[in-house]
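Please look over the sequence and the model before reading on.

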Amino acid sequence: TVLITALCILMLAILANLYRVVKGPSSADRVIALDSVGINLIASIAVFSVLLHTHAFFDLILLIGILSFIGTIAFARFIERGVVIERKR
Amino acid sequence: MVILHLAIILPFIFALLAPLLNRLLPRVHTGWLMLPVPVVLFAYMLSLIPVIREQGDLEGTIPWIPSLGVDFHVYADGLSLLFALLITGIGSLVLLYSIFYLDKNKEKLVHFYVYLMLFMGAMFGLVMSDNLMVLYSFWELTSISSFLLIAFWHKREKSRYGALKSMVITVFGGLAMFAGFLLLYVMTGTFSIREIMGDASAIANHALFIPAMLLILLGAFTKSAQFPFHIWLPDAMEAPTPVSAYLHSATMVKAGIYLVARMSPIFAGEALWLWLVSGLGLLTLVYGSYRALKQVDLKSMLAFSTISQLGLIMSLFGLGSAAALYTGTAQAEFYSKATMAAVFHLLNHAIFKGALFMVVGIVDHETGTRDIRKLGGLMSVMPITFTIAMIGSFSMAGIPPFNGFLSKEMFFTAMLNIRTMELFGMEAWGTLFPVIAWVASIFTFVYSMLLVFRTFGGKAQFDKLEKKPHEAPLGMLISPVVLATLVIVFGLFPNLASYSLIEPAMAAVHPGLLSPGEQFMVSISLWHGLTIELFMTIGVATVGILLFLMHKRTAVLNQPLFAKAILNRSYDGGMRMMERLSGAITRVYMTGSIRHYLIYIFVFLILAIGMTLFSEDALKVDTTGFADMTFYEAAILIALVLSSVSVLFVTSRLTAIILTGAVGYLVALFFVIFRAPDLALTQLSVETVSVALFLLCFYHLPKLKKELVSLRFKLGNFIIALGVGTIMTLVALSASGTRPFQSISHYFLENSYKLAGGKNVVNVILVDFRGFDTMFEIVVLGIASFGIYSMIRLKLKEDGAEGG
């Protein structure tokens, strides 16, 4: 039950973040919100795998960590410079 | 394998050899090389006359598709023999004529003779076939070769028009006939005409009997240019004259008549058959002879004359079928006189019409025109041609002592006889028949006179002609002279043909009417006493001469009753309408907009699946096997629904992309709680990459067209989307509600470590149990990446076309 409560709280956090994603006045707000959604997801997957008594999802945690990092960086570059990958000439 | 088979194949062999022979002997006119074929066949057919009379009919078969009952079965009886003699005999004369008619250096002779040989073989096979399917094959081959021959001068637009029109009409009829043959097969279970005849009484009350009859008659009427399908024949006159003489007077247009005569033992005795064949024949006779009066082109005049004479023969065959009702009585002989007249006139018409066409060809060749208004006074310049034309026309008009007189007398006899019939409402309408026939004969008389006297008589007006007219070369005259001689011979000694040709043909049309050893009484005499028929002929001649003398002042003859050819106009209009209509229909639904096509696809999907769901009573929602819903499933579901629905309502594209990404990640979460770690991994990375790609696309959207507006709400789209969603939900629910058998997954679970040595079942399935799928997925990815690379790199810009 503790774990389920934790999960519920994380879900609420995700929903709140999503609200920010939808509403967010600027792009930066949305990007930050998405980043924190990702971290919340990591947390909830971790709690969930404890709940299921399995370690099959630990890869997923790592992957989300990497992806949300890369995604945030890419968005940041996009907002900052207009392109994600610059051409090397 | 009988000699008959060889005889049928011979023209085809020569059609194959013609180009080779032409290459080997370039100096010889190809026609000389082809001439032996019909001559040999004609001689062979002549030698068959006594054989068939004494030993009965010849037959032989070569299996073709035995499993379907289609065999190349040939059967020669009196009727086929008569047609075969016409085909080969007139074929020889036409070939001889064409040698002098077509110039060796100016025309593509090889083409001409290949087509002509094809036609000859097809026609010959047509009349000899006993198998309906083989008959149909030859039938279509005559249509195709006739198409090629009409458009022989394919650089002229009118030739192409005429060829197309005749093709459309005759193939339309041919297909109807094919359907009729199939119905016959359904009823009797055989394609053999003889066997079907044996079953004729058994199928007479079958439900398909009348449709089969109508369809077969449609084929016969289109081929034989009966009203209202006659319109192709005048346009087919764009063909070279030997072709007109051969195909459009003597042979191909008689294929329909052959079919009617051949099918007569099956369908005769049916009121509809008699009325349709005779009635339509008479209508064609009157209409054709009336229209022939108005033509100014000699060949058109002959074309309409052919139409009307074919109507005459057709109506006689129809009346002759009445004899089948009186089998065994004296009346049978009485009504079968009509068949005798039909067969005799068939022979006569082929002879004199062939001669007349050749005459017109000569006139055209020597003066450069066929327009009756420019011709005149050729009598003294072309005496031989004039004589032939006169013999032919007088025979056509029915003047003694030519053969046309005899067949016209017999025609009147048959028409008068039919009044005595007491069936099918004949007592009420029978009187009409001789009257119509008489009127048509007057028209025939007048146009025959016009043909001769406006071409050869009257004032000479050579200044209007392109060439200086003179008598034709001898070679060109041989064939018409032979035919004209035959006209006189059959006129003076009609009994030459009566027991050799006409009687066997009659016996073929009326099988079962005679007891064995008996024969029809065929006696045709030039003088048969003072009968009504004779007075009718005298009347025809008197009124005809009067009308001819006044033809410039008689409104009936000059002013067209039908302002223009109504039927041609409706044919052209119909063709145009069909083109326009199909174009319009295509334009209505092929809009070029993907949105519309998607609508069609989705609507079809909804209708097809929805209908099936309800009509098959497959809609079962059984919730017993369902698992309980947990709290986090509900939470993710709500989030999923929220983000998907809000995709529809957001105003900016960027938000839509991000929301789509959110949906993807939530699906990944679903994979997590449904215990699919591999799927979740893949889903996450793929989703990230695709969101990145979406952003790339977003960034590169053209500046001008950037319309960051809300989706326009369309009720139709909404309903369709809702429908698709509902249907798919129902299908999913019904499918999971009914599970007829166990899934095979337990096998994989048990054996993945035992057989494949892996604990990750998903991966083992992917690379081991079902490795082939994975391989081709890899191929798909490879193709996609190559495709992207080449789309970016290869920008072919060829005159305006945007590549890439």
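## Terms and source

Helices here are DSSP runs of H or I with at least four residues, while strands are runs of E with at least two, and both are numbered from the N terminus. The model is predicted, and local features need pLDDT of at least 70, while side-chain atom pairs count only at pLDDT 80 or more and totals for chains, interfaces and linings use all residues. Residues are numbered from 1 along each chain as its sequence is written, and chains are lettered from A in the order in which they are written.

S644(B) lies in helix α27 of chain B. With a relative accessible area of 32%, S644(B) is partly exposed, a class that falls between buried (under 20%) and exposed (over 50%), taken with a 1.4 Å probe on protein chains only. Although 19 residues separate S644(B) from V663(B) in sequence, their C-alpha atoms are 6.6 Å apart in space.

## Where chain B meets chain A

In chain B, 23 residues are in contact with 25 residues of chain A, contact meaning heavy atoms within 4.5 Å. About 2300 Å² is buried between the two chains, with carbon and sulfur atoms giving 90% of that area; buried area is the accessible area (1.4 Å probe) that two parts lose on being put together, summed over both. On the side of chain B, Y632(B), I658(B) and V672(B) lose the most area to chain A, together 23% of what that side buries.

The elements of chain B that give two or more residues to this side are α27 (631–649), α28 (653–673) and α29 (677–699).

Technical notes
Heavy atoms only, no water.
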